[in-house]
Amino acid sequence: MSLPQSSLMLVVSVTTKRDLLLAIRRKSDVLVSLFFFIIVVSLFPLGIGPEPLLLKKIAPGVLMVAALLSTLLGLPRMFAADYADGTLEQLALSPLPFGLLVSGKILAHWLVCGLPLVVLAPVLGLQFGLDGETLMMLMLALLIATPLLSLIGSIGAALTLGVRSGGALLALLILPLYVPTLIFASGAVEVQMVGMNANGYLSLLAAMLALAVFFAPWATSVALKIALE
Amino acid sequence: MLHVKNLSCTRGERLLFSDITIALGAGDCLHVRGINGSGKTSLLRTLVGLSPVETGEIRWRDVNIADSAMNSELIYLGHDAAVNGDLTALENLQFAGAQFGLSLSQPILHDALQRMGLKGRENLPVRALSAGQKRRVLLSRLLTQPANLWVLDEAFNALDIAAGELLTQLIKDHLARGGIALLTSHLPLKMVDILVLDL
């Protein structure tokens with residue numbers, strides 16, 4: 001089915017609106033993964049102690065790993081409730097393109113679990129003594145990396161749907177796939193810290209994001225249809 | 001409109017049914033009967049395209065269902081209530097419509113919920129409702145979404161006598177409009193002229 005661009009966004013917004021409303025109703029779910037991010041990042045300065053040089057050096061890696069784990073925490077929720085109550089079945093039978101409805105759910109996951117990390121990261125970065133320009137780069141890298149994490153993660157969430165101890169399996173399945181994102185996102189911040197140009201890293205991240213926007217919802221919807229059979 | 005030819009289904013090693021042939025036209029109602037585990041739900045899920053067809057063929061308006069636009073004419077209500085406990089009855093019905101590509105106005109939504117006997121409970125989170133009331137929220141879709149093909153799996157479950165009669169009336173009206181209905185139920189249906197398939 002070919003759709004004009006306006007109705008394309010309209011279809012995506014159907015599931016996004018619903019999931020955002022649900023996130024507002026179930027605030028605790030959202031806050032748990034945010035506080036997890038804050039606490040994990042804050043533990044490092046506390047554990048390592050007042051060693052500014054070391055803290056500065058590990059900051060990009062710590063923040064990215066924490067963002068990655070925090071995103072992972074929200075992933076099992078992406079489809080589980082809808083799968084259990086039969087809503088996913090209804091989505092699959094909808095006359096609207098299933099891939100776009102799934103994209104809407106991924107978008108909602110990013111808005112709830114990813115975007116707040118982008119906003120929080122500079123505040124947490126201060127604990128590591130990062131300067132203003134590095135904090136800006138950190139935000140920029142996270143802004144490209146977090147949607148990528150949601151998109152890649154959605155495939156894992158769909159594949160482990162209805163599987164016993166799916167959460168642990170999801171982590172094993174998805175964390176290796178997160179490695180390129182981790183390397184390029186923290187790499188961008190690291191080269192910025194030593195005063196070099198980070199455009200190369202950001203371009204690679206953006207290229208991965210462009211690919212993921214196109215392929216991840218498709219792969220996820222195929223995996224969901226298999227789970228529903 | 002709906003033609004099924006030589007359909008069979010296996011689950012694991014077990015053959016659930018084989019050589020099912022059905023032809024349904026406008027105004028036809030098919031009551032699928034069978035003991036627990038005889039494959040009624042599997043049959044309905046295969047017919048709507050949720051489960052893959054193993055052998056045989058299913059055609060809607062003379063097109064194989066995989067390529068047909070059946071989804072835009074279909075309401076499938078399964079075992080599960082397909083309502084979210086944290087959303088209100090109104091929101092659940094509204095999103096169900098949105099998933100169907102409809103933007104339903106408040107009067108239409110209120111009207112449907114009122115007809116299903118949920119007046120005064122529109123704005124309660126569905127988790128506060130009883131099992132029967134949840135089913136009523138689900139069944140409200142029959143009033144808000146236009147569809148030619150109704151596939152209702154155990155639709156009478158958890159409904160009280162009044163709601164059961166209302167649903168029977170809705171199905172009769174649907175058939176009179178030239179719609180098609182496929183349903184499973186362990187209760188005898190209070191309708192005349194319906195086709196029966198025993199699995």
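Me: Across which strands of chain B does α1(B) lie, and at about what angle does α1(B) run to β1(B)?

Reply: This is a predicted model, in which local features need pLDDT of at least 70, side-chain atom pairs count only at pLDDT 80 or more, and totals for chains, interfaces and linings use all residues. Residues are numbered from 1 along each chain as its sequence is written, chains are lettered from A and ligands numbered from 1 in the order in which they are written, and side-chain values use heavy atoms, with hydrogens and water left out. Helices (H or I, at least four residues) and strands (E, at least two) are DSSP runs, numbered from the N terminus. α1(B) lies across β1, β2 and β4 (55–60) of chain B, and its angle to β1(B), on a scale from 0 to 180 degrees between N-to-C directions, is about 130°.

Me: What is the order of the strands in the open sheet of chain B?

Reply: Two strands pair if DSSP finds at least two bridges between them. Strand β1 (residues 2–11) pairs with β2(B) over seven bridges in the antiparallel sense, and B:Val4 stands opposite B:Ile22 in β2(B). The edge strands, each pairing on one side only, are β2 (14–24) and β5 (63–64) of chain B. The four strands, with antiparallel pairing, have the order β2-β1-β4-β5.

Me: Which residues lie nearest the centre of the largest pocket?

Reply: On a 1 Å grid over the protein atoms alone, a pocket is an open set of points with protein on both sides within 12 Å along at least five of seven lines, while a cavity is a set where a 1.4 Å probe fits but cannot get out; lining residues have an atom within 4 Å of a point. The largest pocket holds about 710 Å³ of space. Its lining has 26 residues, and those nearest the centre are A:Ala92, A:Lys225, B:Ile65, B:Ala66 and B:Asn71.

Me: Which element gives the largest share of the lining of the largest cavity?

Reply: There are three cavities of 30 Å³ or more, and the largest has a volume of about 120 Å³. Elements giving two or more residues to its lining are β6 (74–77) and α2 (89–99) of chain B. The largest share, four residues, comes from β6(B).

Me: How many residues apart are A:Phe184 and A:Tyr201, which form an aromatic pair?

Reply: Rings of Phe, Tyr and Trp (its six-membered ring) pair if their centres lie within 6.5 Å; planes under 30 degrees apart count as stacked, over 60 as edge-to-face and the rest as tilted. A:Phe184 and A:Tyr201 are 6.3 Å centre to centre with 55° between the planes, so the pair is tilted. A:Phe184 is in helix α8 (residues 166–193) of chain A and A:Tyr201 in helix α9 of chain A, and the separation is 17 residues.

Conventions. Grid points are joined across faces, edges and corners, and a volume is the space filled by probe spheres set on the points. Contact means heavy atoms within 4.5 Å.
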